[in-house]
Amino acid sequence: MNVYKKCPILENERYRLRLSIKEDAKDLLKTYSDPNAVPFFNADNCHGDDFYYTTIERMSQAIDFWICAYNNGWFVRWTIIDKQEEIAVGTIEAFRRESNDYFTDCCLLRLDLHSSYENCDDIAEILSLIVSPSIQIFGCDKVATKAKHIATERRQALDKLNFILSDKKLIGDDGTEYGDYYIYKK
């Protein structure tokens with residue numbers, strides 16, 4: 001299966017993950033303009049983007065870039081839909097990372113959630129939709145995601161899903177070392 005030709009929809013009773021589209025901008029602006037959510041986002045190796053967007057225009061530009069990235073096979077950005085509320089509450093970016101560090105042959109996940117969903121149960125339920133499938137989707141032997149020290153609920157969710165905190169550093173394009181990565185192996 002080539003995820004860049006046909007992006008799967010992943011869902012359970014509460015959440016649906018589907019490819020991000022322009023129409024998500026209004027809902028996603030609530031997440032990306034949430035000052036309590038932004039500190040949990042992973043901007044490692046993202047060329048200075050902090051993912052704090054305060055206008056619909058800037059949010060729309062970001063989504064346009066995500067669509068372009070998908071069409072070019074760089075990464076997939078799924079929108080997280082709360083099916084009970086019928087709203088987009090965040091996104092998950094995923095891609096296969098090839099590098100000269102420990103995080104090669106790895107599916108790297110970036111989870112951006114509205115702060116009201118930044119709790120162990122919601123995070124675990126959302127990540128459970130994508131962790132195992134991403135190994136097959138991206139043809140990797142492991143999944144990695146970042147959880148900063150301040151992200152105690154996120155770290156609890158990762159522990160619950162059998163992720164292990166890595167002592168290895170992810171090396172960015174410019175040689176910058178990034179830590180706080182959790183690893184899941186099949």
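A: Start with a cut-off. A residue is exposed over 50% relative accessible area, buried under 20%, and partly exposed in between. The model is predicted.

Q: How do I apply that to Asp121: buried or exposed?
A: Compare the percentage with the cut-off. Asp121 has 51% relative accessibility, so it counts as exposed.

Q: And Lys26, buried or exposed?
A: Lys26 is exposed too, because its relative accessibility is 62%. This lysine sits in helix α1, residues 25-32. Then look across the fold. Ile56 is 30 residues from Lys26 in sequence, yet their C-alpha atoms are 6.7 Å apart.

Q: What makes a salt bridge, and how many does the structure hold?
A: A side-chain nitrogen of Lys or Arg must lie within 4 Å of a carboxyl oxygen of Asp or Glu. The structure holds 19.

Q: Which residue meets Asp27 in a salt bridge?
A: Lys30 does, with 3.9 Å from N to O. Both residues are in helix α1; they are three residues apart, so about one helical turn separates them. Asp27 is partly exposed because its relative accessibility is 21%. Lys30, at 49%, is also partly exposed.

Q: Which helices does the pair Asp121 and Lys160 link?
A: First, the contact. Their side chains form a salt bridge, 3.3 Å from N to O. Asp121 belongs to helix α3 (residues 120-138) and Lys160 to helix α4 (residues 152-160), so this pair links distant parts of the chain, 39 residues apart.

Q: Are Arg77 and Glu93 buried or exposed?
A: Arg77 is buried, at 2% relative accessible area. Glu93 is buried as well, at 3%.

Q: How do I read the largest pocket: what space lies in it?
A: About 540 Å³. Next, see what lines the pocket. There are 25 lining residues, and those closest to the centre are Asn45, Cys46, His47, Phe75 and Arg110. Helix α2 (56-71) and strands β4 (87-97) and β5 (106-113) each give two or more residues to the lining. The largest share comes from α2, with five residues.

Q: How do the lining residues divide into nonpolar, polar and charged?
A: Twelve are nonpolar, three polar and ten charged.

Terms used
Residues are numbered from 1 along each chain as its sequence is written. This is a predicted model: local features need pLDDT of at least 70, side-chain atom pairs count only at pLDDT 80 or more; totals for chains, interfaces and linings use all residues. Side-chain values use heavy atoms; hydrogens and water are left out. On a 1 Å grid over the protein atoms alone, a cavity is a set of points where a 1.4 Å probe fits but cannot get out, and a pocket is an open set with protein on both sides within 12 Å along at least five of seven lines; lining residues have an atom within 4 Å of a point. Grid points are joined across faces, edges and corners, and a volume is the space filled by probe spheres set on the points. Helices (H or I, at least four residues) and strands (E, at least two) are DSSP runs, numbered from the N terminus. Ala, Val, Leu, Ile, Met, Phe, Trp, Tyr, Cys and Pro count as nonpolar, Asp, Glu, Lys and Arg as charged, and the others, Gly among them, as polar. Buried means under 20% relative accessible area, exposed over 50%, partly exposed in between (1.4 Å probe, protein chains only).
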